[in-house]
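Here is a short briefing to read with the model open beside you.

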Amino acid sequence: MAASKRATKIKAKLHLLPTVGPISIWILLFVFAPVAVIVVISFMATGPAGGILPKFSLENYRVLLFGGSEYGNAVLRSILYAFVTNMICLCVGFPMAYWISKYGGRFKALLLFLIIVPSWSCYIVRIYALKQLVGFPGILNNFLLNLGIISSPINILYTPGAVVLGLIYIWLPFMVLPIYASLEGINPALLEASLDLGANPRSQFLTVTLPLTKGGIFGGTILTFIPALGDWLVPLLIGGNRVWMAGNLIEHFLVVRGRIAMASSMAVILTAAVVLLIYMFIKLGGEESMERIV
Amino acid sequence: MKVLNARKINTVLLIAGYLFIWGPIVVLGIFSFNANAYGVKWESLTYKWYVDLFHTSAIMKAVLRSLLIASITTVCATVIGTLAGYGLYKYRFFGRRALRMSVLLPITVPYVIMAGALLVYFTRIAHIPLGYPAIIIAHISFSAPLAVFVTLGRMQRINWSLEEASVDLGANTITTWRKVTIPLLLPSIFASAVLIFPWSFNDFTVTYFVAGVGTTTLPLYLFSMLEYSLKPVLINAISLIFIVMPIFFIFLIYLYKEGVKQKG
């Protein structure tokens, strides 16, 4: 009896090997190991030529956070821009999702399709499309000049506002989709019940609909806030490399200047911010909302 | 009255949102048929830029590289991810929760961080050559998790008594997998592949960090054209292809779903 129990146990273990085995090894080798390596390197000193010196040092962190104002500013700027982006995406994305879910009717599929296509297409292409339309020289400027509406070209590129606009442009679809999913998941009986119990449309929205879409809002926030926080292409292409965010510092130290230790410290700081945020979201929104977004 | 106002504001926001998302793309699409090579002024209608695309060997090579990388990534990531999703759903084991959370890690942390970490790891520690091997390994790390969660979603809706019946009727593990489990998982395998292929094809950040010199994929090529402002109209034409591609994939999913519906 005991022997057969042990045999089934071993057999169950044998099933694990081919199923979750490969991904475990993969994650260990190509996710955890690289992260561990940069955490270790981030505490090492930078040599005179930019290389790594194998001795413990907190110098990188000091320089990044408290040293030159530009580095610390880039981190703060990232958090601020990501926050503003997230809030505006929520304020526009929620009504969009709400409209599609409530009044979409037979156009629902088409409207959703029009949200999914941009979210699946190449990210640089979308940045470029925006840049070409609103930039200078740009199609909109040219058009307005020809019509005589404006007398000199307006250049909004290379400003903080343009970077935030770009971030909203890129990440807005990722806010609409999870909110839409959670709106669709609401049991209509609950909405009817609330009306029967004397709620007006306004209080119904505030006390029934909104709390029930909490998961979608958290999902959308994770999908917009975190990528916006780590974005480096929007500031590079739309901010014209003048408005730096944390991601630009990583790229700059790593690829342009080859200062690996500095880049690693920056990455650790940004990761810490992200992990803290995810932890907060999980505490507030529950693990389920986290998994549902994927 | 108040409700009407709320609805009006809602409608305005919806239209504004769609205009904002699609306006730049539509304009880009129209201007890709513009005869003026330098872009912002409309001249006359032409499709010669699309012909040019096919005659620019650098672009065609970049397309082939991207297709090759995306195909290998799709196959490997779908297999690894589907197996993992199956195991995570079916078995209770030590570290299951931890593994589930770890799988989320590469897709929730900003790409620039993971991509940077992989670059350091590949060049300093693992000595994996930059280029194809590095790009494909990195792409699998980011896209296998997608397959894991697609599979987990599907697993919840499967009637598992079929698998048990197959075992009861005397089929061994491999036969059960071949005849029962894989057919049951086919929709999620298909969905994973259709999700991963465009992800890999479109990816810029991860590829940019680990590509090294010479392995220019299409998004990397596009980026270098943008940086040096070469032939804007040619860029428009490539861009339109990137926009049309997801439409094709979504259409594939739609067709597949319709097919499943008709069968069932």
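A:A45 has A:L53 of β2(A) as its bridge partner. That pair belongs to an antiparallel arrangement in which three bridges join strand β1 (residues 44–46) of chain A to β2(A). Please keep in mind that this is a predicted model.

**Open parts of chain A**

- Strand β2 (residues 52–56) of chain A has five residues and the number buried is zero, so the strand lies largely in the open.
- A:G198 follows α9(A) and has a positive phi, near 100°.

**An enclosed helix in chain A**

- Helix α13 (residues 246–256) of chain A gives another picture: eight of its eleven residues are buried, so this helix is largely enclosed by the rest of the structure.
- The buried residues in α13(A) are A:A246, A:G247, A:N248, A:L249, A:I250, A:E251, A:F253 and A:L254.
- Just after α13(A) comes A:G258, with a positive phi of about 65°.

- What does B:L118 touch, leaving aside residues up to four places away in sequence? Its partners are A:F30 and A:P34 in chain A, and B:A138, B:F209 and B:V210 in chain B.

**Where the chains meet**

- The contact takes 71 residues from chain A and 67 residues from chain B.
- On the side of chain B that touches chain A, the elements that give two or more residues are α1 (2–31), α3 (57–90), α4 (96–108), α5 (111–126), α6 (132–155), α8 (173–202), α10 (218–227) and α11 (232–263) of chain B.
- Of these, α1(B) gives the most, with 17 residues.
- By class, this side of chain B has 53 nonpolar, twelve polar and two charged residues.

**One helix pair across the contact**

- Helix α2 (residues 21–42) of chain A and α3(B) have axes that come within 7 Å and cross at roughly 115°.
- Here A:P22, A:I23 and A:W26 of α2(A) meet B:I80, B:G81, B:L83 and B:A84 of α3(B).
- That contact between α2(A) and α3(B) has six nonpolar residues, one polar and no charged ones.

**Chain B overall**

- Chain B has eleven helices and zero strands.
- Its radius of gyration is 23 Å, well over the 18 Å that the globule rule gives for 264 residues, so chain B is more spread out than a compact globule.
- The C-alpha trace of chain B spans about 70 × 65 × 35 Å along its principal axes.
- In chain B, 42% of the 264 residues count as buried.
- Among contacts in chain B between residues at least 6 apart in sequence, 78% join residues at least 24 apart.

**A loop residue to look at**

- B:H127 sits in the loop between α5 and α6 of chain B.
- Is B:H127 buried or exposed? It counts as exposed, because it has 8 C-beta neighbours inside 10 Å.
- Most residues other than glycine have a negative phi.
- The phi of B:H127, in contrast, is positive, near 50°.

Note on methods. Residues numbered from 1 in each chain as written. Chains lettered and ligands numbered in written order. Predicted model: local features only at pLDDT ≥ 70, side-chain atom pairs only at ≥ 80, totals over all residues. Contact = placed C-beta atoms within 7 Å. Buried ≥ 20, exposed ≤ 12 C-beta atoms within 10 Å, placed from the backbone. Helix = DSSP H or I, 4+ residues; strand = E, 2+ residues; numbered from the N terminus. Nonpolar A, V, L, I, M, F, W, Y, C, P; charged D, E, K, R; others polar. Axes fitted to C-alpha atoms, helices over the stretch in contact; angles between N-to-C directions. Pairing = 2+ DSSP bridges. Rg over C-alpha atoms; globule rule 2.2 N^0.38 Å.
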